[in-house]
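Reader: I have a model open and would like to go through a few parts of it. Can we start with the strands?

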Amino acid sequence: MLTLKNESNETILSHALRVPEILAPAGGREQFFAALQSGADAVYLGLKQFNARGRAENFTHEDLRELAPLARRYGMKILVTLNILLKEDELPRLRTSLAELQWIGIHAVIVQDLGVARFIRENFPTLRLHASTQLAVHNLAGVLAAIDFGFKRVVVARELTAQELRKIQSAVEGLDVEVEAFCHGSLCYSYSGLCFFSGAEDARSGNRGECAYTCRKPYKILNEPGHGFLFSMKDLNTSKDLTKLVEANIHTLKIEGRKKDAQYVATSVGLYRQELNRIFGRETGPGGRSIERDYQNDMLFSFHRDMTSLFVNGRYHENVIDLNNPTHKGVLIGTIEKIKGRTIEVMSTQALERFDGLRIESRDSLYHSLPQHGDQVQGTMRGAQKKYKNNISQFSLREFSLKGRRLNQCNAHTRVEIELPTEIELPNIGDAVYKIRSNELKRHTENLSKAPADARIRPLRSIDLSFISNQVGDDLHLEVEALLGKRSLLKDQLTIPWQISTKGGLANDIVDMFSLLGDAACDCVVSFQGREDAFVPRSLLKELKQRLNLNLPEAITKATELSEAQSLAFLTTDRSPLAASKAARYAIKIDRLEYLASIATFMATHPTFKLTEIIFEPKRAFLGKLSPIDIFASLFAAAAELNVLPRLAFPTVLRAWDEPLLKIWVNSFIELGGRAFEIGNIGARKLLDTFTSVEAAKTFDLSSDFTVYVLNTEAALAAKDLDITTLALSIEDDRISLQDKLNQWPKGSLKPQVILYKDTPLFIAEACSLTALHGGCPTAAVCGYRTLEIENDEGERFFVAHESCKSIVYGAKAFSLSQHRRELQTFGVEDFRIDFLTREYTPEHLMRVLKHIGSAESIAETHSANYERSLL
């Protein structure tokens, strides 16, 4: 039984709870050591390729062979990120990386791509699978679906509340899965894994580790006075709400930041370790490695934006967007009172020392919001763009004085004269001065970001050694087997006359002697079964160890080569190029019932347009007061008139409060005879089982939206495991990647579907720009869920739609591959989809799009995304 305390040392709850692990980011070796020595239970890090932070320093296999034994010695786990979507031609390279990774003794791999998860599960079973937050799991159904895929841990979406986390953990308690949630760090405006802005604009997909950070740019509002950083999220900091996450009883607290420095890692790990120690009233870190400091103060000087607890306390509990600042803020130390030459005078509220980092900027607001500021515009887009490009005055404090006397340091509340470097633009009286870095904290961190003094770093592989000691007649049989998981690498044994040891302890002797096989470069996990009272001469144990040292390298090499060969065969079995299709079949997806009349009008005059189904995604915002039966009666009547299949699409994001209405819609659809569904998330497949039954769901006709991420054929087969028969391919994909997939398509009835036209949802977000513009949620009666028309600094226009309380951003130009349709048919694609979602289409606009697609013509004011360029 645990008694938890709040900051005032008052008892707040008392029942059995686990101490959550702290999982720290490590973008490089300095960050790794900082996490190790600051009390992290685990680190997550990336290889030089195949991870979502490709621009971090990252690690080689050789690095990990050196660091993994050290981490095990200190009780810290290593998790390796493989959290991107892979193209078809990248899978063979991945397999060689995995074949090496399996020997390193890491705790797990973090995966987004269901195809990669399937490939690892079937070919490298010793690698434990964790579901990345990029998989966009945001409900209990998603966690349960991840279990079915073989994931042992699920990193849930950052947008979940503490109450949701508690309910999910309670539901899966006792199952073979752990729940991990972010507690600290940078936030994406969009749900992770559902950002397509960067990929559509610059071919730099966030789902491929190439995010261009379009959410951090300033935007101008065109349909009302306003500008600012409309999508720039504050940074997550739950340290003051940590008791709520502890009470949720989740397994792991994750700190974001693989592109941040060792100071950030040491400070954030130290902060959360100290808070857990306070809450539980004892040391909670591995090896008791907590360091007492004022981490809340330290955090001010480690990279951070303004802080938010996001939705831990509930949706829209606070404004989570900073319209004014997209970067590190530091702490305000004062304003400039005097300027003499290149010297400024400031009354500093903070202690200072030489080489602290300072920044100077105007105190005027950069952003303008109509609800907050009215029609008289303040600030400028130019000022916001200048800040975005980091064109601001910041410098290392080298020369400062008190009444003309040079200082190395000073206490808080001291009036100081600061000499500005020559490259810094002269400020104005009244400008704000911020302390953004602390030299004292830098010195503290430098001591932590090196290998421990007693560390012996050498590259080692990790294997299991299993010893069995048995008396057989008058002999002792001591058998040893080297294992990789359940795979036997080699066996050896000793048979000697039985003798009783007067001291016993054979197991301890073997563990001590065989934990390291230096000549074989193996760090061994040794297990022992059987008689411990047998006497074995130490010389014979040494001979056995010598044989293992001699024979293990060749056994490891053979096992690695076998892994590579078998996994390559796995990638090519039962695959073949698709035959060119002679005709195109179309599905039209809509979210407004009024579009049905326009579709019927078009079909009446275009009989050769082969429409096979209407996909309907119901949205409360567009349905008025229609009952579920009335909604689907209209859909079924139109489908019957057009002689096409009606299909019900599940929304991509389904929070717990969305499920009751969705269940009513599903049951009403089935009641009228509906048997076809489209899913856009793995959780939706599990919800379908829940709403009906597992047996009934097996009989349904299932298709997937592009958000199920089929960028390679392994992902296609993973979708097939969900009983999906028609797969919408990724709208981020390029021509060569598409063709590679279709040339290796799995044999059978699995059908690829290409989306020809769509308003790409560049962001799908729970965060709300209207809340930021109003300075807090004003309620729907005030904001009216209005759509914002915005523009970036390059003159590109976008729309921010608000469907109830979810934000969807789409471009003025829609995505279209209409002009490439015939080429896609030569690749073997027969099924195409046309989407009219979110944007309101006039009948003329909708029919014009259909006409151009039917003729395979270019559509004005559209773009082809990455089809004609290379997706990075």
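Reader: How many bridges join strand 18 to strand 25?
Author: 5 bridges join strand 18 (residues 357-361) to strand 25 (residues 432-437), and the two run antiparallel. Strands here are DSSP runs of E with at least two residues, numbered from the N terminus. This is a predicted model: local features need pLDDT of at least 70, side-chain atom pairs count only at pLDDT 80 or more, and totals for chains, interfaces and linings use all residues. Residues are numbered from 1 along each chain as its sequence is written, and side-chain values use heavy atoms, with hydrogens and water left out.

Reader: Which residue of strand 25 is the bridge partner of Leu358?
Author: Lys435.

Reader: And the sheet, what is the strand order?
Author: The order is 20-18-25-15-16-24-21-22, an open sheet of 8 strands with antiparallel pairing. Two strands pair if DSSP finds at least two bridges between them.

Reader: Which strands stand at the edges?
Author: Strand 20 (393-396) and strand 22 (405-406). Each has a single partner strand, so one side of each is left without a neighbour in the sheet.

Reader: New topic. Ile429, buried or exposed?
Author: Exposed, at a relative accessible area of 58% (exposed is over 50%, buried under 20%, partly exposed in between; 1.4 Å probe, protein chains only). Ile429 is in the loop between strand 24 (414-419) and strand 25.

Reader: And Ser232, buried or exposed?
Author: Buried, with 0% relative accessibility. Ser232 sits in the loop between strand 11 (226-228) and strand 12 (235-237).

Reader: What does Ser232 touch?
Author: Leaving out residues up to four places away in sequence, Ser232 touches Cys215, Arg216, Ile321, Asp322, Asn325 and Pro326. Contact means heavy atoms within 4.5 Å.

Note on methods:
Helices (H or I, at least four residues) and strands (E, at least two) are DSSP runs, numbered from the N terminus.
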